[in-house]
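Hi everyone, thanks for making time. Have a look at the model on the screen, and I'll walk you through a few spots in it.

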Amino acid sequence: MTDTTISARGGVPERPSLDGLEETWARRWQEDGTYAFDRTKERSDVYAIDTPPPTVSGELHMGHVFSYTHTDTVARFQRMRGRTVFYPMGWDDNGLPTERRVQNVYGVRPDPSLPYDKDWRPPAAPVDDAARKNPTAISRRNFIELCELLTVEDEKAFEALWRRLGLSVDWSLTYTTIGSAARAASQRAFLRNLARGEAYQAEAPTLWDVGYGTAVAQAELEDRERPGAYHRLRFTGPDGREVLIDTTRPELLPACVALVCHPDDERYADLVGAAARTPVFGVEVPVRAHPLADPAKGTGIAMVCTFGDLTDVTWWRELRLDTRVVIGRDGRLLREPPAGVPAEPYAALAGQTVNGARRTLVELLADAGDLVGEPRPITHPVKFYERGDRPLEIVSTRQWYLRNGGRDAGLREELLARGRELRWVPEHMRHRYEHWVGGLTGDWLVSRQRFFGVPVPVWYRLDDAGEPDWSHPLTPDEAMLPIDPTSEPPPGYEETQRGEPGGFTGDPDVLDTWATSSLTPQIVGGWETDPDLFARVFPMDLRPQGHDIIRTWLFATVARSHLEHGALPWHTAVLSGWILDPDRKKMSKSKGNVVTPMALLERNGSDAVRYWAANGKPGMDLAFDPAQVKVGRRLATKLLNASRFALGLGAADALRAAATQPLDTAMLAELSGVVATATTAFDGYDHTAALMATEAFFWRFCDDYIELVKERAYGTGPAADSARAALATALSVQLRLFAPVLPFVTEEVWSWWRYGSVHRSPWPTTYEVGRAMEAPGDPELLRLAADALGQVRRAKSERKLSMKADVPLAEALGPAAVLDQLGTVADDLRAAGRIAKLDLLPDRTTELVIACAF
């Protein structure tokens with residue numbers, strides 16, 4: 001596509017208004033294809049954006065409005081610079097957030113053991129709390145269909161808000177992370193990872209969210225402060241020696257496999273290599289030394305349980321300890337004791353929740369005399385899944401992993417080098433990436449024990465006993481993708497062989513949602529399905545995102561692109577900060593301080609909200625300030641009125657004429673500097689600096705230049721023609737400077753007197769502004785004239801006179817050189833100040849002074 005559809009000029013309305021602009025122009029932009037991507041352009045003429053797909057699991061919030069506005073300013077600027085902008089929109093609709101929302105809205109839970117019911121219909125939504133607490137079990141397929149139903153409705157609401165905000169995306173490029181193209185790309189990438197040895201399966205200790213019933217990855221963890229208590233337990237060492245252990249998790253005592261102390265701790269040096277017996281159970285465990293043991297923590301010696309925390313996993317792995325698992329996937333203690341643990345004392349714990357088992361075991365310890373003193377209350381950090389509401393457990397499960405440098409020093413260095421190759425805005429955000437990559441302790445766990453996601457695309461042969469052959473997964477041909485191994489047989493098998501000895505079984509897991517989201521450049525760019533498009537957009541130019549997901553989305557995307565393409569997925573990453581409430585606290589639903597975007601947009605207008613958002617620099621947090629939104633609306637209103645005034649003087653017909661008068665060329669000279677500043681700022685992804693420079697000039701233009709020149713502009717002759725020419729150029733340039741931030745009001749004004757869309761018009765240049773001047777201007781002259789007029793206005797204000805009051809005599813005192821300059825604009829100053837006589841008195845004062853006589 002070339003330019004947007006040419007439309008006739010609309011003329012200046014009698015009473016311009018901001019109301020209704022969003023509906024009018026959103027519709028026109030869609031009808032005219034204003035933001036359509038032109039795929040005939042060469043790669044050098046393309047600007048490609050890897051837009052973050054928001055999670056479709058509720059409402060968008062002001063943080064979305066904040067960061068997506070920033071990205072849109074970049075897209076609009078680049079489009080006006082002559083690039084065809086590849087700007088898609090995606091919806092991240094698979095994964096745990098969507099499942100939880102469906103469960104809460106409809107009061108259901110998935111049960112894979114149930115058959116599909118084609119006649120089942122969901123209950124009216126939303127359901128009450130009783131239904132949520134006692135959810136209806138439905139089949140896996142019924143549950144997935146319900147997820148698909150709800151996400152479609154959510155996506156409609158999201159799209160409506162984005163259109164209202166004025167995002168200049170090409171809606172024909174919209175994708176979803178659960179759509180066919182995304183599933184195929186995600187499965188294709190996984191299979192290639194598997195073929196290259198980058199994906200592998202392992203039975204290992206796994207961070208497990210009991211509430212969601214799934215494994216989670218290191219990148220999805222967060223520490224939350226929780227109350228707890230230290231319990232001092234008495235172990236028995238050699239010769240009956242008392243060995244005291246402090247622990248916050250006494251319920252894991254039957255899972256104890258060792259005691260560990262620091263190699264340099266002399267208190268326990270003689271115990272290393274010996275054994276101790278656990279209280280209550282009397283199990284003999286070895287005493288070992290390891291540098292991670294902290295001599296200053298508790299008693300200086302700790303029990304190693306399989307598994308209480310990630311340090312336990314490290315000790316277990318590096319010290320090659322036994323395994324005694326006691327906690328199951330449901331968060332309860334297993335019914336049977338682990339090997340070597342006596343059944344009688346364990347029976348009191350079997351099947352209990354973690355908290356119940358803790359209370360019971362504390363009672364057993366106290367009865368046995370092995371609880372030393374009373375529990376000591378503490379507050380300590382506990383690991384949670386970032387979206388979960390129950391502490392994580394560590395259970396042993398079979399999972400799929402992708403290599404990410406956590407256990408491969410060579411790959412880690414390659415990924416660090418990619419981080420240095422990437423352009424970061426702001427630059428200091430690179431350190432967060434390096435800190436994350438350098439601190440990885442394991443590979444990326446990508447399988448999830450859930451339902452609404454991209455299926456792991458493999459099957460397993462079953463031996464004659466019906467046991468899976470995990471080490472030789474069956475894989476599909478890429479031409480078959482996407483596939484669901486739980487409902488489709490592998491090549492060479494029939495569906496009747498599913499679950500039968502000698503037959504097959506499908507992998508029941510789905511891929512982590514980040515395993516799909518990390519491929520957004522490939523998904524929307526047509527990787528392997530549209531080579532021509534992919535060559536035009538990949539690697540992309542920009543990845544905009546929040547700084548808090550550098551460790552997940554940004555790093556994962558870099559890793560996938562590095563492994564598959566040997567390149568970065570984009571050239572530049574621009575990081576957004578957080579939105580804070582007026583008290584400088586992060587906005588979140590849990591705190592109840594969230595502002596609903598749609599209501600704000602409808603009440604104040606989208607341009608006003610975008611103005612507030614654009615006042616936040618990349619990487620910086622911004623407080624939500626209703627007063628700033630009002631400033632934005634006032635600016636948009638002023639732009640309407642000032643434009644109407646200038647066009648009412650005949651500026652539209654003077655656009656190609658040159659400005660000849662000193663005041664006019666002075667104004668344009670200053671505007672030329674603003675164009676240079678704004679262009680440099682946008683090139684550096686600093687939309688805030690561009691807006692500040694443009695806005696500051698606009699208010700001077702309205703308050704000073706227009707007031708000084710309007711009497712002349714009403715007249716006829718060369719001087720009046722110069723004023724109208726300057727007004728025309730200034731208006732045309734300023735509309736385009738404001739367009740990335742204020743798209744609706746600028747498009748509205750542009751339509752009054754220009755053809756086409758302001759958003760497909762060329763970005764202003766200093767050359768363009770210079771060409772509008774007959775001779776170079778001096779910006780200082782406008783400031784001098786504004787200072788003089790300001791003094792006249794103050795004199796009237798001090799005497800409580802109207803600004804229209806006449807001034808019989810005004811004397812201008814100051815250095816001769818200053819008054820010589822002032823003399824070149826004396827006619828405009830007299831007209832604007834309604835001064836009958838203006839005397840210039842040189843060298844009477846060191847600074848300009850305007851004395852008014854009434």
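Helices (H or I, at least four residues) and strands (E, at least two) are DSSP runs, numbered from the N terminus. Before I use those, a word of caution: this is a predicted model, where local features need pLDDT of at least 70, side-chain atom pairs count only at pLDDT 80 or more, and totals for chains, interfaces and linings use all residues. Residues are numbered from 1 along each chain as its sequence is written, and side-chain values use heavy atoms, with hydrogens and water left out.

Okay, helix α21. It covers residues 718-738, 21 residues in total, and spans 30 Å from its first C-alpha to its last, close to the 30 Å expected at 1.5 Å a residue. Is α21 mostly covered or mostly uncovered? Mostly covered: 18 of its 21 residues are buried. Buried here means under 20% relative accessible area, exposed means over 50%, and partly exposed is in between, with a 1.4 Å probe and protein chains only.

For contrast, go to Asp239, in the loop between β9 and β10. Asp239 is exposed, with a relative accessible area of 84%.

Now the rings. Rings of Phe, Tyr and Trp (its six-membered ring) pair if their centres lie within 6.5 Å; planes under 30 degrees apart are stacked, over 60 edge-to-face, and the rest tilted. How many aromatic pairs does the structure hold? There are 27 aromatic pairs. One of them is Phe77 with Phe682, a stacked pair at 4.8 Å centre to centre and 15° between the planes. That pair links distant parts of the chain, with Phe77 in helix α2 (residues 62-80) and Phe682 in helix α19 (residues 662-683), 605 residues apart. Phe77 is buried at 1% relative accessible area, and Phe682 is buried at 4%.

Then there's Trp612 with Phe624, an edge-to-face pair: 5.5 Å centre to centre, 75° between the planes. Trp612 and Phe624 are both buried. Ring pairs also link Trp29, Tyr35 and Phe744 into a cluster.

Charges can sit over rings too, which we count if NZ of Lys or CZ of Arg is within 6 Å of the ring centre and within 35 degrees of the ring normal. The charged end of Arg141 is over the ring of Tyr116, 3.9 Å from its centre. Arg188 does this over the face of Trp527, at 4.8 Å from the ring centre.

On a 1 Å grid over the protein atoms alone, a cavity is a set of points where a 1.4 Å probe fits but cannot get out, while a pocket is an open set with protein on both sides within 12 Å along at least five of seven lines; lining residues have an atom within 4 Å of a point. Grid points are joined across faces, edges and corners, and a volume is the space filled by probe spheres set on the points.

The count is 5 cavities of 30 Å³ or more. The largest cavity holds about 130 Å³. It is lined by 16 residues, and the closest to its centre are Ala217, Ala219, Asn404, Trp444 and Arg551. Helix α15 (residues 550-565) gives the most to that lining, with 4 residues.

How values were computed
Expected span 1.5 Å × (residues − 1).
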